[in-house]
Amino acid sequence: FSSGLLAGKRVLITAGPTREALDPVRYISNHSSGRMGYALATAAVDAGARTTLVSGPVNLPVPEHVQCHRVESALEMLEKCQQLVADCDIFIACAAVADYRPAQVQPQKIKKGDDTTTLELVKNPDIVSTVAASENGPFTVGFAAETRDVLHYARSKMQRKSLDMIIANDVSDSSIGFNSAENEVTVLWPGGEQTLARANKAAIARQIVELIANHR
Ligand code: C5P
């Protein structure tokens, strides 16, 4: 790993979960810790990149020399990324964006009532696809958390979302990936793939940054 790998490059990374408000006190979210995205930000800084995070709510310190923009919802994350994407060379979408949000955010706390209730949800925009579709866009990297046929689904996700690279995660193994300290991933790009053996997220992040530097 060389500290000049991404010298002068600008890297934008999304990290953490999003929170989709239901009313002033409730939201829909997920268990993403943000650790992989923050580790990638640290690795990008170490590789010499000017590094920016767009982060959902997490309990992690902002790595040194990283500019961090905090957001809550998928819509806020998209808006912030669209503001920042013109000034970046590499975009890494590590955030666990909620697929859906409540169709309506109630202005007052929802009251308990019937024994059953239903929530109407609407699809969130796909942030990484939106960035990948932009003209003269950055080198765009996504993640694919899958529980089966991991590499097959990851490769088709890369194609469907027009990504330059995708990091495939087998989330059926709870000792790695989502909300754990270690990870084991396969990095895929249009012409090949490389599996990174189980290691802590800092080590995985440095190898991912190295592969990005070599393939962009
Ligand atoms: O389609 P799926 O959610 O499995 O795709 C995962 C990849 O897409 C991740 O890189 C994630 O950050 C990104 N994504 C996104 N916006 C969404 C959903 C996923 O950027 N609304």
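How do the residues of the shell around the ligand divide into nonpolar, polar and charged? I looked this up first, in what is a predicted model, where local features need pLDDT of at least 70, side-chain atom pairs count only at pLDDT 80 or more, and totals for chains, interfaces and linings use all residues. I number residues from 1 along each chain as its sequence is written.

**Entry: the ligand**

I found nine nonpolar residues, three polar and one charged in the shell. Here Ala, Val, Leu, Ile, Met, Phe, Trp, Tyr, Cys and Pro count as nonpolar, Asp, Glu, Lys and Arg as charged, and the others, Gly among them, as polar. A residue is near a molecule or strand if its C-beta atom, placed from the backbone, lies within 6 Å of it. Of the 13 residues around the ligand, I noted A93, V97, I127, V128 and G142 as the ones that come nearest. Two or more shell residues come from each of α3 (127-132) and β9 (139-146). β9 gives the most, with three residues. I take helices (H or I, at least four residues) and strands (E, at least two) as DSSP runs, numbered from the N terminus.

**Entry: the sheet**

I traced an open sheet of eight strands with mixed pairing, in the order β5-β4-β1-β6-β9-β10-β11-β12. β5 (66-70) and β12 (192-200) each have a single partner strand, so one side of each is left without a neighbour in the sheet. Two strands pair if DSSP finds at least two bridges between them. I then looked at β1 (residues 10-15) and β6 (residues 90-93), which pair in the parallel sense over four bridges. In this pair, V11 stands opposite I90 in β6.

**Entry: helices on the sheet**

I saw that α2 (residues 74-84) lies across β1, β4 (50-55) and β5, and runs at about 160 degrees to β4. Axes are lines fitted to C-alpha atoms, for helices over the stretch in contact, and angles run from 0 to 180 degrees between N-to-C directions. Contact between two residues needs their C-beta atoms, placed from the backbone, within 7 Å.

**Entry: α1 and α5**

I checked helix α1 (residues 35-46) against helix α5 (residues 201-215): their axes come within 8 Å and cross at roughly 55 degrees. The two helices are therefore oblique to each other. Angles under 35 degrees count as roughly parallel, over 145 as roughly antiparallel, 65 to 115 as roughly perpendicular and the rest as oblique. Among the contact residues I listed M36 and L40 in α1, and A205 and V209 in α5. The residues of this contact divide into nine nonpolar, one polar and three charged.
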